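Please keep the sequence and the structure open beside it as you read.

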Amino acid sequence: MTILDHLIEQNRKWAARVKQADPEFFARLAQQQNPEYLWIGCSDSRVPANQIVDMLPGQIFVHRNIANVVVHTDLNCLSVIQYAVEVLRVKHIIVCGHYGCGGVQTALDNRDHGLIDNWLCNIRDVCRYHQAEIDALRDEREKLNRLCELNVIEQVSNVCHTTIVQAVWRTGRPLSVHGWVYSIEDGILKDLEVSVSGLEQIPGIFRIG
Ligand code: CO
């Protein structure tokens, strides 16, 4: 008996339920995964990729970190993107942020939070790029939620600027990058309508090759 036995117990029940509904489900998934989507989202426990879009295991490839940041030199995130587009050949990459994001909120204050402040510098950069727009908003909640949206938009750009995504576009294979934001308050996703699906949509300075 361990303190986490209830999780193992829940797992057994879940697996039995899934198998009852579809006896071949696990056998089929064990052969291969064939997801069409890569999800890059926040680690927040209230924003679980599969559940939000009502998808089963096998349908969505997922990378999550604090405040859904895509850093040009983050080998972890870049490796996920490379595997997703080159091996799994996903057709869509979705960067999904959420309103009220604790990571974005933390970036907005000037207190010392330890090591994580280095990670949150990426969010502070987003704030700096859009300082005038953020400053013009009166309400703190409005500032936070707009910054959550702007952060998604910046991370969509960062995905598009990777050599990995550009290499796919040069082959002519369809690949789109999308920016969404999720509301924890009502469970609804909003498309920020910043989708990018080709080299001609990114600034010349970022085009490689
Ligand atoms: Co968050």
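1. A residue is called buried when its relative accessible area is under 20%, exposed when it is over 50%, and partly exposed in between, using a 1.4 Å probe and protein chains only. By this rule His 98 and Cys 101 are both buried, and for His 98 the relative accessible area is 1%.

2. This is a predicted model, in which local features need pLDDT of at least 70 and side-chain atom pairs count only at pLDDT 80 or more, while totals for chains, interfaces and linings use all residues. Residues are numbered from 1 along each chain as its sequence is written, and side-chain values use heavy atoms, with hydrogens and water left out.

3. The cobalt ion has as protein donors Cys 42 (SG), His 98 (NE2) and Cys 101 (SG), which lie 2.0 to 2.3 Å from it; donors are N, O and S atoms within 2.8 Å of the metal (3.2 Å for Na, K and Ca), and sites may look incomplete, as water is not among the atoms. Along the chain, the spacing of these donors is C-x55-H-x2-C.

4. His 98 belongs to strand β3, where strands (E, at least two residues) and helices (H or I, at least four) are DSSP runs numbered from the N terminus. Apart from neighbours within four places in sequence, its contacts (heavy atoms within 4.5 Å) include Cys 42, Asp 44, Cys 148 and Tyr 182.
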